[in-house]
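Open the model in your viewer and follow along. Each stop tells you what to select and what is there.

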Amino acid sequence: MSASPNTRPAGHKPPFWRDRAKRALIFQLLLVAAVAAFLLYIVGNVQDNLSSRGITTGFGFLSNTAGFGIVQSLIDYSSQSTYGRTFFVGLLNTLLVGGLGVLAATIIGFTVGIARLSPNWLLARLATAYIETFRNIPLLLQIFFWYFAVLRTLPSARESMAFGEAIFLNVRGLYLPQPLFESGFGLIPVTFLIAIIASIALVIWNKRRHEATGKRLPAYWISFVVIFGLPLLVLVATGVPVTWEMPELRGFNFRGGITVIPEFLALWLALSIYTASFIAEIVRSGIQAISHGQTEAAQALSLPRNLVLRLVVIPQALRVIIPPLTSQYLNLIKNSSLATAIGYPDLVSVFAGTTLNQTGQAIEVIAMTMAVYLTISLLVSMFMNWFNARVALVER
Amino acid sequence: MIHNQTIIKERPAPSSSVGAVAWLRANLFNGPINTIFTLIGLYVLYFLVVPTVQWAFLNADWIGTTRDDCSREGACWVFINARFTQFIYGLYPREEIWRANIVFAGFFTLIAWLAIPRLPFKRWVAVFALVGFPIVAYVLLHGGYFDLPRVSTHRWGGLMLTLLLATVGMVGALPIGIVLALGRRSDMPIVKSFCVVFIEFWRGVPLITVLFMASVMLPLFLPSEMNVDRLVRALIGLTLFQSAYMAEVIRGGLQAIPKGQEEAAAALGMTYWKRMGLIVLPQALKMMIPGIVNTFISLFKDTTLVMIIGLFDLLGIVQAALADSRWLGFSLEGYVFAAFMFWIFCFSMSRYSQYLERKLHTGHKR
């Protein structure tokens with residue numbers, strides 16, 4: 001056997017390209033060189049182009065006066081504010097529509113997803129129709145539909161649709177009564193906070209007692225009553241220190257109250273309805289992923305129906321539901337950038353739109369905008385990794 | 001001993017346990033809560049369906065050429081009729097539409113051929129669809145060769161542009177996605193981190209900023225004498241964006257292949273590319289098809305965003321037609337038409353992907 005032609009004499013080394021480790025090293029060095037060359041090429045071109053167009057790079061433009069108005073702003077803003085401030089106005093508007101969209105999409109999505117599994121034939125079919133309709137139509141089209149075909153065709157301010165003389169809907173938006181807090185109202189959030197802390201303590205104590213003695217209180221019901229009842233009690237005791245400012249028709253428009261601009265309404269409706277159709281599917285598949293044996297085993301232990309759901313089905317279903325659910329939330333926040341198509345002043349519309357057009361600082365502006373979205377998705381994926389590690393099945 | 005006369009004859013089941021009544025009882029009216037739900041559902045259905053049918057069919061106007069042919073009691077589909085050619089082909093010259101029609105016919109024939117399992121020569125058809133057909137389609141649509149007059153890309157639009165953006169984005173993203181997915185699973189640290197950063201970057205930003213970047217920043221990245229067509233810029237943005245999503249789908253497929261497959265191939269002395277190309281990828285690609293179809297559906301819907309950078313895809317051309325002063329006030333008809341077109345495509349694709357999933361997973365299902 002020693003005469004085999006493949007046997008090499010001792011001490012002879014194979015050529016370096018046959019060595020896996022060296023080959024990998026060379027390949028990676030080549031890759032780094034190629035990427036670096038590509039980046040240098042781009043940077044060179046950018047410098048040439050910018051100097052020929054007379055644009056100076058840098059973030060100095062952020063402290064210049066913006067000079068344009070923004071229709072909705074959560075912080076003080078006027079056309080005298082700086083470009084830097086337009087960034088924060090846009091960012092906050094993005095977070096506002098994203099946050100409220102996540103809330104509404106979750107509520108609609110869970111309702112529809114559970115309805116789809118209902119034993120009621122009609123309800124299940126209606127839920128299926130909802131899902132199949134809305135998730136197969138592009139989001140931008142839905143935004144246009146709500147904005148141009150629904151909200152823009154509403155009657156004028158004088159012929160507003162009124163809901164109980166407090167809420168008005170017209171082509172200029174939705175008008176809601178605004179609560180005005182008087183002195184002494186500060187007590188209520190404080191009570192609310194105390195009630196939450198007390199409830200958490202109660203739940204923990206109840207769990208310990210349950211493990212030790214087997215006795216338990218309906219802790220969730222008690223905390224529910226405490227969290228909502230206690231602030232209500234304080235509210236009544238302090239003589240309801242809230243007055244409502246009603247929107248009123250003066251001339252051609254409404255004054256007072258909270259104004260919700262139609263751009264926000266259209267974007268929020270479309271985002272919630274569209275994302276809810278995906279969430280509904282996630283919820284359905286999450287619940288269906290729990291094998292029937294689990295429910296049957298729990299029933300065999302004669303657990304009542306609500307405990308079967310709360311202790312067996314929901315914890316296991318959440319493990320399946322939460323990862324795709326968070327990625328849908330992320331999609332919703334990224335999709336809120338479509339605001340620019342109807343003029344809702346979000347980050348992309350205000351900052352990567354108007355500010356970019358006025359200053360011409362394309363690279364800085366786009367980089368800042370992308371950095372915001374990247375940060376959000378990085379934070380969410382960090383949460384996801386933490387969550388997955390926490391709920392992962394412990395396997396041998 | 002059995003006395004025949006004592007045996008009770010077979011009787012039909014009571015009417016309450018078979019037939020329509022029983023079905024209604026079992027599915028709609030079992031218990032008070034379900035009855036309430038059913039009544040609410042019926043009310044919602046009545047509230048939605050009756051006005052919709054009246055608007056879209058009973059009171060609608062179908063025939064005519066101008067605005068005056070609309071009675072305005074229901075939908076006026078005359079608007080869609082009058083604009084139909086534009087919605088499908090954009091501003092493509094009327095006398096050259098036959099070229100677009102050939103491409104459409106070829107496109108749908110190829111898709112059908114690849115989608116219907118019974119038809120033969122799948123491999124060759126696929127190779128032609130990926131290599132030959134794009135060249136043929138480009139020559140036909142763009143012209144400039146074989147005495148075909150040139151049609152500049154800014155005249156392309158409508159459904160044709162939507163399909164073009166989605167397919168080119170998809171076909172371009174597939175090879176990049178495969179390379180990225182293999183790179184992300186590689187044990188070379190630098191390759192792996194490059195791929196991870198690339199994928200996570202594109203997945204982390206909204207498509208609209210990618211398109212802004214492609215339309216505003218790409219000209220800055222290239223030498224000033226190089227002028228890239230607007231459509232090409234949008235395609236580059238879409239392809240890069242899509243490739244990151246594709247890479248994740250492919251990675252999922254690769255993970256589903258047991259490690260033993262690759263180890264067995266390595267034991268036979270196969271090189272990396274042979275192991276991947278002959279053993280792992282062919283098995284993984286089959287498992288990935290439903291995921292690929294799903295990303296294609298979302299890309300198809302996302303192509304509507306190109307209207308924001310000034311291309312006239314199906315939604316863009318509908319939106320432009322709505323601003324026509326001769327046809328003001330028909331936005332509902334326009335959006336319903338566009339929604340219907342998109343819905344038909346997306347719904348049939350999602351059904352196809354579900355069918356494939358059932359077909360490919362027969363072995364695992366209990």
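What covers the buried residues of α3(B)? Select α4 (97–115), α6 (158–184), α12 (314–322) and α13 (331–360) of chain B: the cover includes these helices. Here a helix is a DSSP run of H or I with at least four residues, a strand is a run of E with at least two, and both are numbered from the N terminus.

Before moving on, note the ground rules. This is a predicted model, in which local features need pLDDT of at least 70 and side-chain atom pairs count only at pLDDT 80 or more, while totals for chains, interfaces and linings use all residues. Residues are numbered from 1 along each chain as its sequence is written, chains are lettered from A and ligands numbered from 1 in the order written, and side-chain values use heavy atoms, without hydrogens and water.

**Stop 1: α3 of chain B**

Select residues 78–89 of chain B, which form helix α3. Its buried residues are B:Val78, B:Phe79, B:Ile80, B:Arg83, B:Phe87, B:Ile88 and B:Tyr89. Buried means under 20% relative accessible area, exposed over 50%, and partly exposed in between (1.4 Å probe, protein chains only).

**Stop 2**

Switch to chain A and show its strands β1, β2, β3 and β8. In the order β1-β2-β3-β8, these four strands form an open sheet with antiparallel pairing. β1 (161–163) and β8 (258–260) of chain A are at the edges with a single partner strand each, so one side of each has no neighbour in the sheet. From one strand to the next, the twist averages 15 degrees.

Zoom in on β1(A) and β2 (residues 167–170) of chain A: three bridges join these antiparallel strands. Two strands pair if DSSP finds at least two bridges between them. Opposite A:Ala162 is A:Phe168, in β2(A).

Contact means heavy atoms within 4.5 Å. Axes are lines fitted to C-alpha atoms, for helices over the stretch in contact, and angles run from 0 to 180 degrees between N-to-C directions.

**Stop 3: the domains of chain A**

Colour domain 1 (62–137 + 260–357) and domain 2 (185–245) of chain A. Their C-alpha centres lie 28 Å apart. The bounds come from an automatic or database domain assignment.
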